[in-house]
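Good morning, colleagues. Please take a moment to look at the sequence and the model on the screen before we walk through them together.

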Amino acid sequence: MDPPYTTVLGPYKRPDGRQHIVLNNSSASKGTKGKTKTISYPKAIMEVHLNRRLSDNEEVDHVDGNKLNDCFDNYQVITRTENRKEQAKEGNNKFWGKKK
């Protein structure tokens, strides 16, 4: 399990336009102090909304397929397997967007 993070930095935009947040564990005990973790902005928003962390098998999907549309209504939590099947059905590549 991840340590409790005490500082949130961001969101910041990656070169591909998607937003991410950096979590910093600045006040933890020995061994975990100073550890950081980067997560997607949609995942952070959904975890706060659900008041729990997403499992390793859960992902936040953009309903309209646009990874840059960060409206909360555009998010849904689905399993990793469901997300991969949906991407394959829509012809999306590994990360986002249509195949060229």
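Where is aspartate 70 found? Please keep in mind throughout that this is a predicted model. Aspartate 70 sits in the loop between S4 and S5. Aspartate 70 is buried and yet has no salt bridge. Lysine 13 carries the nearest side chain of opposite charge, and that side chain is 7.2 Å away.

Tyrosine 75 brings me to the aromatic residues. The structure holds one aromatic pair. Phenylalanine 72 and tyrosine 75 form it in an edge-to-face arrangement, with 6.1 Å from centre to centre and 80° between the planes. Of these two, phenylalanine 72 is partly exposed at 35% relative accessibility, whereas tyrosine 75 is buried at 8%.

The loop between S4 and strand S5 (75-79) also holds leucine 68. Leucine 68 is partly exposed, with a relative accessible area of 42%.

What is the order of its strands? The sheet is open, with three strands in the order S1-S2-S3 and antiparallel pairing. S1 and strand S3 (35-40) are the edge strands, each pairing on one side only. From one strand to the next, the twist averages 20°. Five bridges link S1 with strand S2 (residues 19-25) in the antiparallel sense; tyrosine 12, for instance, has histidine 20 in S2 as its bridge partner. Helix H1 lies across S1, S2 and S3, and runs at about 95° to S3.

Finally, two points about the backbone. Most residues other than glycine have a negative phi, and most peptide bonds are trans. Glycine 10 and proline 11, however, are joined by a cis peptide bond with omega of about 10°, and proline 11 lies in strand S1 (residues 7-13). Asparagine 51 has a positive phi, near 60°. This asparagine 51 is placed in the loop between helix H1 (41-50) and strand S4 (58-62), and is exposed, with a relative accessible area of 71%.

Note on methods: Residues are numbered from 1 along each chain as its sequence is written. This is a predicted model: local features need pLDDT of at least 70, side-chain atom pairs count only at pLDDT 80 or more; totals for chains, interfaces and linings use all residues. Side-chain values use heavy atoms; hydrogens and water are left out. Helices (H or I, at least four residues) and strands (E, at least two) are DSSP runs, numbered from the N terminus. Buried means under 20% relative accessible area, exposed over 50%, partly exposed in between (1.4 Å probe, protein chains only). Rings of Phe, Tyr and Trp (its six-membered ring) pair if their centres lie within 6.5 Å; planes under 30 degrees apart count as stacked, over 60 as edge-to-face and the rest as tilted. Lys and Arg count as positive and Asp and Glu as negative; His and the chain ends are not counted. A salt bridge is a side-chain nitrogen of Lys or Arg within 4 Å of a carboxyl oxygen of Asp or Glu. Two strands pair if DSSP finds at least two bridges between them. Axes are lines fitted to C-alpha atoms, for helices over the stretch in contact, and angles run from 0 to 180 degrees between N-to-C directions. Contact means heavy atoms within 4.5 Å.
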